[in-house]
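Here are my notes, as promised. Have the model open while you read, and go through the points in order.

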Amino acid sequence: MLRPPLKHCRACGTAVDYRVPDDGDIKERAVCPACLTVHYENPLNVVGTVPTWGEHGEQVLLCKRNIEPRRGKWTLPAGFMELGETSSEGAARETDEEAGARFEMLGLFTVMNVTRVGQLHLFYRARLLDTAFNPGHETMEARLFLESEIPWEELAFRTVKETLEQYFADRRTGVFGIHTLDIS
Ligand SMILES: [Zn+2]
């Protein structure tokens, strides 16, 4: 679901109007009728990892969500990027917070536009350094899955499913690329 539209000016609190600004812009924006501030709303970045274990990366770490949305469903560790961090740092932070895993960050793996909800999802590969996980409050359980064990029908998000499918496809060829995808 898209974020709810902005109701009040972030500068002065006046109720905003949605209209095309008078500056040559072509899109409707939240414009403050009092202080004339134009509020630009842009997509949010969701960053995460594909943490893998085994000599050939045959197992992937998934987390069972303990929070809404999709509580009880399985996900790769991921969350909203924070101001002041890089995409890779954000992905590492989320992996630490949600799984309590020790890992080494590897390369960017998937770049997915989820235009319907105004999000860009970025997943990095990560190599687990051990199998002792200490998940935080957002996670009920963190465990490793072989490809044959992945709960495909119980995954929380489409971008997680796409990233896992791509991971196992690349693992078979032994070459990990960067994959871009537009999800409607
Ligand atoms: Zn204002």
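Predicted model: local features only at pLDDT ≥ 70, side-chain atom pairs only at ≥ 80, totals over all residues.

1. **Ground rules.** Residues are numbered from 1 along each chain as its sequence is written, and side-chain values use heavy atoms, with hydrogens and water left out.

2. **Overall layout.** The protein has 2 helices and 11 strands (DSSP runs numbered from the N terminus: H or I of at least four residues for helices, E of at least two for strands). Starting at the N terminus, the order is β-β-β-β-β-β-β-α-β-β-β-α-β. The C-alpha atoms fill a box of roughly 60 × 35 × 30 Å along the principal axes.

3. Of the 184 residues, 41% count as buried; buried means under 20% relative accessible area, exposed over 50%, and partly exposed in between, with a 1.4 Å probe and protein chains only. Among contacts with a separation of 6 or more, 59% come from residues 24 or more positions apart (contact: heavy atoms within 4.5 Å).

4. **The zinc ion.** Which residues hold it? The protein donors are the SG atoms of Cys9, Cys12, Cys32 and Cys35, lying 2.3 to 2.4 Å from the zinc ion. Donors here are N, O and S atoms within 2.8 Å of the metal (3.2 Å for Na, K and Ca), and water is not among the atoms, so sites may look incomplete. Along the chain the donors follow the spacing C-x2-C-x19-C-x2-C.

5. **Zinc geometry.** The 4 donor atoms subtend angles of 102 to 120°, so the arrangement is tetrahedral; that label requires four donors with all angles between 85 and 135 degrees. The ideal angle for four tetrahedral donors is 109.5 degrees.

6. **Strand S9.** Take a look at residues 119–128, which make up S9: 8 of the 10 are buried, so the strand is largely enclosed by the rest of the structure. S9 pairs with S4 (residues 44–53) in the parallel sense over 9 bridges, and Gly48 stands opposite Phe123 in S9. With S8, S9 pairs in the antiparallel sense over 9 bridges, and Met105 stands opposite Ala126. Pairing here needs at least two DSSP bridges between the strands. The hairpin of S8 and S9 has 4 residues between the strands, and Gly118 takes a positive phi near 65° there.

7. **Aromatic rings.** How many aromatic pairs are there? The whole structure has 5, counting rings of Phe, Tyr and Trp (its six-membered ring) with centres within 6.5 Å; planes under 30 degrees apart are stacked, over 60 edge-to-face, and the rest tilted. Phe109 and Tyr167 are edge-to-face, 6.3 Å centre to centre with 75° between the planes. This pair links distant parts of the chain, 58 residues apart: Phe109 is in strand S8 (residues 103–114) and Tyr167 in helix H2 (residues 158–173). Both Phe109 and Tyr167 are buried. Tyr167 also stacks with Phe176, at 5.4 Å and 20°; Phe176 is partly exposed, at 29% relative accessible area. Phe109, Tyr167, Phe168 and Phe176 form one aromatic cluster.

Note on methods: Tetrahedral: all angles 85-135°; square planar, octahedral: opposite > 155°, others 65-115°.
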